[in-house]
Amino acid sequence: MYTYEELTSSERQVWDAYPAGHLVDFRTGGAQDAPDNGEDWGVERTIRATVVATLLLGGNPGQPGNVPALRLAGARISGALDLSEAEIGHGMWFEGCWFEQDLNLFGAETRTIEITDSRLAGLTLTMARVAGRVVLRRTVLNGRLSLMNARLSGELKLRDAVVSHPGDWAVFAGGLVMEAGLFCRGTTVHGGIRLPGAQLPGGLHMEQAQLHHPDGVALLADQAVVSSMALSQGFTAEGTVSLRGTQITDQLTLDGATLRARGTALDCARMQAGIFVFTPAEPPSGQVDLQNAQAVTVHDQESSWPETVRLQGFTYGSFHESGDVHAVSVERRLAWIRRQPNYAAQPYEQLAAWYRVIGHDDDARRVLLAKQRQRRGTLGLPSRLWGHLIDATVGYGYRPWLAGVWLAALVLLGTTIFAAHAPRPTQPGQVPPFNPFVYTLDLLIPIGGLGQRTSWYWMGGATAWLSYALIAAGWILTTAVLAGITRTLSRN
């Protein structure tokens with residue numbers, strides 16, 4: 001506790017103004033007021049941190065009817081302002097101030113804190129309880145902002161601020177619980193932002209934010225519960241954005257974002273979101289991981305995705321499409337699925353299910369046919385050859401009309417060739433007249449008969465070999481059709 005006589009002239013101004021919450025402004029109106037020059041400010045605008053702490057802890061409570069508050073502008077706070085475990089019943093506002101050391105509120109119970117156009121060595125709010133908002137506006141923190149397991153009843157605003165803790169976590173806020181939103185608009189962070197398990201019912205808003213942690217994770221919000229998340233409008237992350245297991249009740253938007261990272265640029269494995277807007281300014285430089293994620297609606301563009309997108313287990317209710325869904329859309333979606341590094345059946349099944357829901361059964365069949373064709377590449381040589389045959393004849397059961405095309409072509413070929421040549425009867429005078437069309441059909445039908453194949457035969461030559469080929473083709477077509485029917489029935 002200080003006596004009034006122990007205070008400097010500038011400290012007495014602050015002491016006298018505190019009980020009524022009056023602003024004490026030491027600024028002169030010149031260039032010297034810039035907080036970057038704070039280290040050079042003299043005793044006329046220097047306040048000892050211990051004096052500030054004494055006021056905030058009730059050193060000069062004032063008279064009833066007034067609301068005390070600390071309002072300082074253009075001050076140099078010397079020493080360490082340590083308010084850990086303190087109970088502070090009034091708010092504090094700093095504008096254009098320079099702090100010699102950290103502002104420590106570890107485990108404290110306090111009210112609104114606003115720091116504008118100032119310079120700090122760090123701010124600790126770990127385990128703190130803030131009955132109000134925390135605002136850092138155009139303020140530079142040359143150290144860590146720590147909010148681990150803190151509870152805020154109001155907003156956390158970092159507006160056009162700079163937080164620098166390169167190579168490590170610059171914002172350390174695991175387990176942060178808020179009743180409002182977290183706003184980092186226009187803020188630059190050198191280091192990572194760590195928010196695992198955070199509860200942000202007012203959302204996470206990071207429009208135009210710049211995160212620089214190229215060798216690590218730029219934003220980690222795993223298992224967080226957020227109403228909405230806006231990483232958009234110029235948001236830039238140099239380093240991985242990790243949203244593993246994050247629950248986003250409304251919308252996750254990366255519209256106009258830039259994601260640069262080695263390896264994984266965006267990790268959304270097991271994420272749950274309402275609307276997933278993925279329209280970045282350019283494709284991410286690293287892969288996107290959507291394994292086992294869920295979204296009600298996906299809104300994207302053809303140019304949105306990087307070369308590698310992990311889609312195994314990703315489920316969605318619909319895609320946002322402009323106009324009618326047509327063939328070009330199917331090809332684009334198939335190209336998107338092929339960005340999955342290894343063959344996986346589920347992405348194809350999920351896309352086909354969506355086309356069936358919107359009544360585009362033909363498009364669903366095209367998707368499932370593409371699935372079989374990619375799967376074929378994972379099989380051994382005999383299975384691949386058989387797959388090519390099934391594909392060419394009946395399209396794996398998804399294009400059964402191909403069998404009719406082959407049948408018509410072979411009937412036309414056989415009829416034309418056999419009409420120009422005369423076969424020999426097996427029993428002269430006792431067989432029906434030769435009919436090249438019926439004879440060709442009889443060769444192609446493997447079971448039963450039309451009486452022509454057993455009544456006429458060839459004495460070698462090309463026509464004999466053609467008849468053998470047609471018999472073989474008939475068996476192949478029949479087997480392929482049966483395989484396609486079996487596949488369709490088993491799928492249904």
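Some ground rules. Residue numbers start from 1 along each chain as its sequence is written, and side-chain values rest on heavy atoms, with hydrogens and water left out. Because the model is predicted, local features need pLDDT of at least 70 and side-chain atom pairs count only at pLDDT 80 or more, while totals for chains, interfaces and linings use all residues.

**View 1. The protein chain as a whole, with 9 helices and 36 strands.** Helices (H or I, at least four residues) and strands (E, at least two) are DSSP runs, numbered from the N terminus. Of the 492 residues, 51% are buried, meaning under 20% relative accessible area with a 1.4 Å probe, protein chains only (exposed is over 50%, partly exposed in between). Take the contacts (heavy atoms within 4.5 Å) between residues at least 6 apart in sequence: 45% of them join residues at least 24 apart.

**View 2. Thr112 in strand E9, residues 109-116.** Thr112 is buried, at a relative accessible area of 12%. Leaving aside residues up to four places away in sequence, its neighbours in contact are Gly91, Met92, Trp93, Ala131, Gly132 and Arg133. With Arg133, the Thr112 side chain reaches the backbone nitrogen at 3.4 Å.

**View 3. Thr297 in strand E32, residues 294-300.** Ile275 sits 22 residues away from Thr297 along the chain, yet their C-alpha atoms are separated by 4.8 Å. Beyond residues up to four places away in sequence, Thr297 touches Gly274, Ile275, Phe276, Ser318 and His320.

**View 4. Helix H4 (residues 345-357) packed with H5.** The axes, lines fitted to C-alpha atoms over the stretch in contact, are 7 Å apart at an angle of about 170 degrees. H4 and H5 are therefore roughly antiparallel, a label for angles over 145 degrees. The contact includes Tyr348, Leu351 and Tyr355 of H4 and Ala364, Val367 and Leu368 of H5. Its residues split into 9 nonpolar, 1 polar and 5 charged (Ala, Val, Leu, Ile, Met, Phe, Trp, Tyr, Cys and Pro are nonpolar, Asp, Glu, Lys and Arg charged, the others polar, Gly among them). Among the buried residues of H5 are Asp363, Leu369 and Arg376.

Conventions. A polar contact is a pair of N or O atoms within 3.5 Å; within protein, one must be able to donate a hydrogen and the other to accept it, and residues adjacent in sequence count only if both atoms are side-chain atoms. Axes are lines fitted to C-alpha atoms, for helices over the stretch in contact, and angles run from 0 to 180 degrees between N-to-C directions. Angles under 35 degrees count as roughly parallel, over 145 as roughly antiparallel, 65 to 115 as roughly perpendicular and the rest as oblique.
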